[in-house]
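Please keep the sequence and the structure in view while reading.

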Amino acid sequence: MNKRFSTLVAAFAAIATVSYAQIGDKYVHLKNGSNYLTWDKASLADSVALGSKGTTKADMDSALWKANLIRVNMPGNDSIYTLTNKATQKQLSFSAKLNGADEFGTAIAAGISEFKIKHNGSGYNIIGTTTDGKLVEMAQTSGSLMVDGKTNKAGATGTVAIFTVEAADADYDVTKEDLAPVLPSFKFDFAGRDGGLFTANELIPVPVGNKFRFQVVGQENSTKGTKAPQYITIDTVMVGTAASVKAASFQLDTTITATSSAYKGALNEGLQTFTLKMDLGNDSIVMTTDSIVRFNTAGEFEVADHGAGAGFTYLVGYKSFDGSAKLVVDSIQINAPLITISKGTPVKLAGGTGVYSLQLKAKGGNPNAANNDKYLTGTSGTYAEAASVYVPSTQFYVKENEDGTYSAQARDIVSATTTSVATGSNGESLAVVAPVQPFTNQPLYAVDAAKSIYTTVGGDTLVFTKLDVDMANKHIGYKYYTKEEMGYGAVKFNLASKAADDIYLTLVQDSVIAGAKGVDKAVELRLMEGADLATVGDTIYYGAQALGDTLVRVAYAMEKAYNAEGRFAYEGAVVKLTSSTNGAVNENQKRFFFAENPVGGSYKVVAANENAAKMVTMNISNLTVTYDTPTASVETYFNIEGAEAPVYAKVDAGHYNVVNGSEMLTASAGIAKMLRVGDELKAAAADSDFSLYVDSAYVNRGDDNTEYGYYIYKGAEVKNDTIVGNVLAAKGDFVANNATGDSAIFRGVTVVADTIAYTGDLDKDGKQNEYKVRDAKNTSLVGFKVVDGEGYEIVALNAKKSLAVVNGTVIFSNTVAPQVFTLGATEAPTANEDVEVSEVTVIAGNGNVTVAGAQGKKVVISNILGQTVANTVIASDNATIAAPQGVVVVAVEGEEAVKAIVK
């Protein structure tokens, strides 16, 4: 071995100051003047610096290094080392490139990680080599680097840093945090040797000043008397015989607070306290005691206290008895073990990032012991008897970070409501709840990995159970309706009860809500979101938002679906439909969250202003419904069923016959007409002749658009988002027999995306007017309003008028009973052109036949024998011609002949 290598090894193998301790490889300080080479984590990037070594163990560990010989280069016999930092267990490594400041920085980076440590007489130079063979040395100023004697590209020079080797502190006072930084307990390791009570069990450190008592996990308390705490105590029973070396071993005992004959009239507190001194060079521990049990030749003992400054060291170590080593405590002829702390190692959560339940394990002196085996919730200090995949307040989103640590946050608070309300960017009312975060950026340590029991630094011991939760469900725990479902759907509430499966909420006298048997009795309620009612506190954002898991729940108002009679609300304990002008009922008593049952499928109905655990309840014995705190005699969960039909129908785009009885809606010379088809009183026409094209009025609907709005075309040509044709519209005033409205016509139109332009509708400058879907001048927007069990009313949504017929004229009106239509799918007419249907009508009467719409045309009427009974040219638009009783054949010029029965 060359002289340089042997000198270096000697310098780094700094010996411990305790001569009886077993010495292993040590970490040492590299000192430059009064400064130490230190790993620095204060900046964003790890780096090294020259500075103080600090006073805490963590700081001193950051300034401790171990040199690891990796090879000897030939020629030159240069010994090459890596330098490992104790605190980080990472190697010293620098980039071989200039940094952004054109300097060779001190940031830890891949590049130069092997060093010559060259002795120069007064210390050592740390020298690395770049890929192009240049030498890298540490400069003295701020721990910067030099390459070829230069610290930067500009050529600035510095003083080469010369390091001396300083041994680590070998007399460091161990703290509780050093023993048990994470778990409440720890284990000693006596280099694999049997350490009796000290190594066979997990120990709980109990500080006594700067010393410790030790409890054994699982045996923290005596089984006798008052079951007082017990600790490892120097035993009064002798190890060995009177003729051999005698010493005391260890037992578990309680603390004696008064003099005791068991200890020869002395206290035993000194026999339970241990001083721990650590050598930071390898974290080995020397354990001594304040007192000792001595034995005379007769085997009798005494309790001796060495006292302050007495010069005695009562050491925990090994002595040989009858050929075997026993762990004892003595002051002479004792072999001290290499004692280290068996610390927990961070572990990975088997299930990785996901949603978990966290069950508390808190026994003994834990202040939360009363909640042992209960489940954490999103409200601090509140625990649940069970966790559920349907209840987000019992779920925790646990995220594995890139550095192997973990963060967790509950997905909801216990209450569905919140008093903290904010206004969103679009003026909507909303609130954000912040569920608890039991740990953030913390490593996990296994308490019992087989049972998924883990803990964090200073945290609770918890059972992690991964839940099979649908992460795509952003409304978990609450019933949520899309804008479309909410705006145009209706619901009914079926009691979720094992006692009865056919009980529904119904409406009884004075608009009171009660229970009734049978779905036919159910009250159907239309949903409205509170934000649409200019109310507050209805949209609440929850979830583990700090970890990117955002959820949202919404409170809804409800009104009777087909004949509004007020809104679902509670007044006192009474649940009812109440008017919007009822001053005794606040707005937030008229809106409700639907919170899911822990077993799933059904929901409790909770008001938006609830803060006292009240909800809608039903007494199964008398079917009364109240808003109150649940008791054992009431049911609280309801199945929410869809009603038979929505308020407005959703219609797929396509061609339809719009039918009322034996007539269909069509266009005739630009006028909306109801014409008869399919019987012998009308000239033959196919259903496709009455084909109308129905399409949504919206192309760019947007998330908040709930409307089923449509245009009805005759002769439509569709190209992408453009439709050209004739559209049903309202135009002009109609007055007849006290019936008022707007004439229903078909106007030429061009619809592009969400704008509509009527042919010939120009502004004062002659430019085409264009209207948005909801512009009042758009008279073509219609909805198909459901008439329960019958069909639809066609409603002009901007004018709020319905399609009706007065004296054969089709109009939009709100003073005439609307017609009820059905929709029948049909084929498109040829070339999608406007097919005109004949207006000729033949009506059989008493002894005559009336022919309408055939002015100027020849009409021939024959009996069933083929005999002509009338042959004339019609002079008027409505002509009555005499005809014999029975079946006759009426042939109008240009039309197919039809049969009629004359009475």
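Ile864 sits in the loop between β67 (858–863) and β68 (868–873). The model shown here is a predicted one. Is Ile864 buried or exposed? Ile864 has a relative accessible area of 65%, and exposed means over 50%, so Ile864 counts as exposed. Together with Leu865, Val887 and Ile901, Ile864 forms a nonpolar patch on the surface. The accessible area of these four residues together is about 450 Å².

## The chain as a whole

The protein chain contains five helices and 71 strands. Of its 903 residues, 47% are buried. The chain exposes about 42,200 Å², and carbon and sulfur atoms supply 49% of that area. Among contacts between residues at least 6 apart in sequence, 54% join residues at least 24 apart.

One example of two places in the chain is given by His119 and Phe163. These residues are 44 residues apart along the chain, and their C-alpha atoms are separated by 9.3 Å. His119 belongs to strand β6 (residues 115–119). With a relative accessible area of 35%, His119 is partly exposed.

## Nonpolar cores

In soluble globular proteins, nonpolar side chains tend to be buried together. Which residues have the most contacts inside the largest nonpolar core? They are Tyr711 and Tyr713, in a core of 46 residues. Apart from this core lies another one, of 39 residues, which includes Tyr27, Ile292, Val316 and Val329.

Leaving aside neighbours within four places in sequence, Tyr711 is in contact with several residues, among them Tyr693, Val694, Ala697, Val727 and Val751. Its contacts also include Ile756, Val773 and Leu781. Asp695, Asn778 and Ser780 are in contact with Tyr711 as well.

Strand β62 (residues 801–806) is mostly covered, with five of its six residues buried. Strand β61 (residues 791–796) runs antiparallel to β62, and two bridges join them. Within this pairing, Val795 has Ser802 of β62 as its bridge partner. The two strands form a hairpin with four residues between them. In that turn, Lys800 has a positive phi of about 55°.

β62 also pairs with strand β63 (residues 809–813), in the antiparallel sense and over five bridges. Here Ser802 stands opposite Ser813 in β63. Ser802 therefore has a partner in each pairing: Val795 and Ser813. The hairpin of β62 and β63 has two residues between the strands, and Asn807 takes a positive phi near 50° in it.

## Salt bridges

Side chains of opposite charge can pair when their charged atoms come close. How many salt bridges does a search of the whole structure find? The search finds 21 salt bridges.

| Pair | N to O distance |
|---|---|
| Lys57 and Asp61 | 2.9 Å |
| Lys277 and Asp171 | 4.0 Å |
| Glu269 and Arg213 | 3.1 Å |

Lys57 and Asp61 are four residues apart in helix α2 (residues 57–62), which means that about one helical turn separates them. Both Lys57 and Asp61 are buried. These two residues are also linked with Lys86 and Asp283 in a network of salt bridges.

The pair of Lys277 and Asp171 joins other parts of the chain. Lys277 lies in strand β17 (residues 274–279), while Asp171 lies in the loop between β10 (164–167) and β11 (172–173), so the pair ties together parts that are 106 residues apart in sequence. Lys277 is partly exposed, at 24% relative accessibility. Asp171 is also partly exposed, with a relative accessible area of 47%.

Is Arg213 buried or exposed? Arg213 counts as buried because its relative accessibility is 10%, and the cut-off for buried is under 20%.

Methods
Residues are numbered from 1 along each chain as its sequence is written. This is a predicted model: local features need pLDDT of at least 70, side-chain atom pairs count only at pLDDT 80 or more; totals for chains, interfaces and linings use all residues. Side-chain values use heavy atoms; hydrogens and water are left out. Patches are made of residues with over 30% relative accessible area and no salt bridge: like charges are joined within 9 Å, nonpolar side chains (Val, Leu, Ile, Met, Phe, Trp, Tyr) within 5 Å. Accessible areas come from the Shrake-Rupley method with a 1.4 Å probe; for residues, only the protein chains shown count as cover. A salt bridge is a side-chain nitrogen of Lys or Arg within 4 Å of a carboxyl oxygen of Asp or Glu. Buried means under 20% relative accessible area, exposed over 50%, partly exposed in between (1.4 Å probe, protein chains only). A nonpolar core is a set of buried Ala, Val, Leu, Ile, Met, Phe, Trp, Tyr and Cys residues joined through side-chain atoms within 4.5 Å. Contact means heavy atoms within 4.5 Å.
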